Amino acid sequence: MTEIPATSGVVAAPSQRRDAILSPDFGAAERGAEAALRVGVLALQGDFREHRAMFARLGAITSEVRNPADLETVDALAIPGGESTTIGKLMRHFDLVAPIRARAAAGMPVLGTCAGLITLATGIAEGDQPVLGLIDIVARRNAFGRQVHSFEADVDMPVVGPPPVRAVFIRAPWIDSAGPGVEILASYQGHAVAAREGRVLVTAFHPELTGDTRVHDAFLAMVRVASSRAEATGPSAGTPAQEVVS
Ligand code: GLN
């Protein structure tokens, strides 16, 4: 008997459902691999529960990261939306800055949304709060205006395919400038709002607050690649020196 891994909440796309009926094993291997991925969500402040729920829907094992020991148990890290100054302070307080940088340098994929994008940037426009510097972008905080704190818009993000994502912006930043190694994945009103460099993926909006799992799914695909490479060639293989452009 084929054992089907627990994938509670995974809804097959319509085109996949027919295959699933034809073949009960459809997707089992792929989802089995995905279920083995352990994604930690930085749980110091912000909407970390929503990120956990998204990854759980996609079959990943999730956990909350609050200290360096928690970080050691995960294959990837998501930094949620919230307040980047608070997240930054708490990261320092709990001695997480150096361990996160070290894991990222060794190839751990990292996702950041909204405040998470700011936390991961190399710089902040008109500000000097400490940042992790893991993606070569300058973020502008509250860039879409303090008056309009929150809005939604359809944003094209070709990397996750059509249709556009329904992007939720809450006191959102945008990306003021980006280094040559950064791929801009989405823009809104002429401003970059999603980007990737190496194994770091950021969005200025909050995919975790919608029912659309495609951004998290794209991140899991990055984690799957990183994990399979690390497994194939041993611990040092996680270093994405060639993948990450400085
Ligand atoms: N404006 C917030 C900051 O600077 C981010 C807002 C959010 O994550 N929704 O950290």
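In which helix does histidine 216 lie? I looked this up and found histidine 216 in helix α8, residues 214-233; helices here are DSSP runs of H or I with at least four residues, strands are runs of E with at least two, and both are numbered from the N terminus.

**Before going on.** I noted that this is a predicted model, in which local features need pLDDT of at least 70 and side-chain atom pairs count only at pLDDT 80 or more, while totals for chains, interfaces and linings use all residues. Residues are numbered from 1 along each chain as its sequence is written.

**Histidine 216.** Is histidine 216 buried or exposed? I found that histidine 216 counts as buried because it has 24 C-beta neighbours inside 10 Å; a residue is buried if 20 or more other C-beta atoms lie within 10 Å of its own, exposed if 12 or fewer, and partly exposed in between, with C-beta atoms placed from the backbone. Leaving aside neighbours within four places in sequence, I listed Met54, Phe55, Leu58 and Pro207 as its contacts, a contact being two residues whose C-beta atoms, placed from the backbone, lie within 7 Å. I also noted that histidine 216 and leucine 111 are 105 residues apart in sequence, yet 8.6 Å apart in space, C-alpha to C-alpha.

**Helix α6.** I then turned to α6, residues 97-105, whose buried residues are Ile100, Arg103 and Ala104. Seen down the axis of α6, these fall within an arc of 100°, so they line one face of the helix; the arc is that of the directions from the helix axis to the C-beta atoms. The face turned away from this buried side carries the exposed residues Ala98 and Ala102. I found the buried residues of α6 packed against α4 (68-72), β3 (76-79) and β4 (110-113). After α6 comes glycine 107, whose phi is positive, near 110°.

**The core.** Which residues touch the most other members of the largest nonpolar core? Of its 67 residues, I found these to be Leu77, Val110, Leu120 and Val193; such a core is a set of buried Ala, Val, Leu, Ile, Met, Phe, Trp, Tyr and Cys residues joined through C-beta atoms within 7 Å. The largest share of this core, five residues, comes from α8. Not counting residues up to four places away in sequence, leucine 120 touches several residues, among them Ile79, Val110, Leu132 and Val202.

**The whole protein.** Finally, I recorded eight helices and twelve strands, with buried residues making up 42% of the 246 residues.
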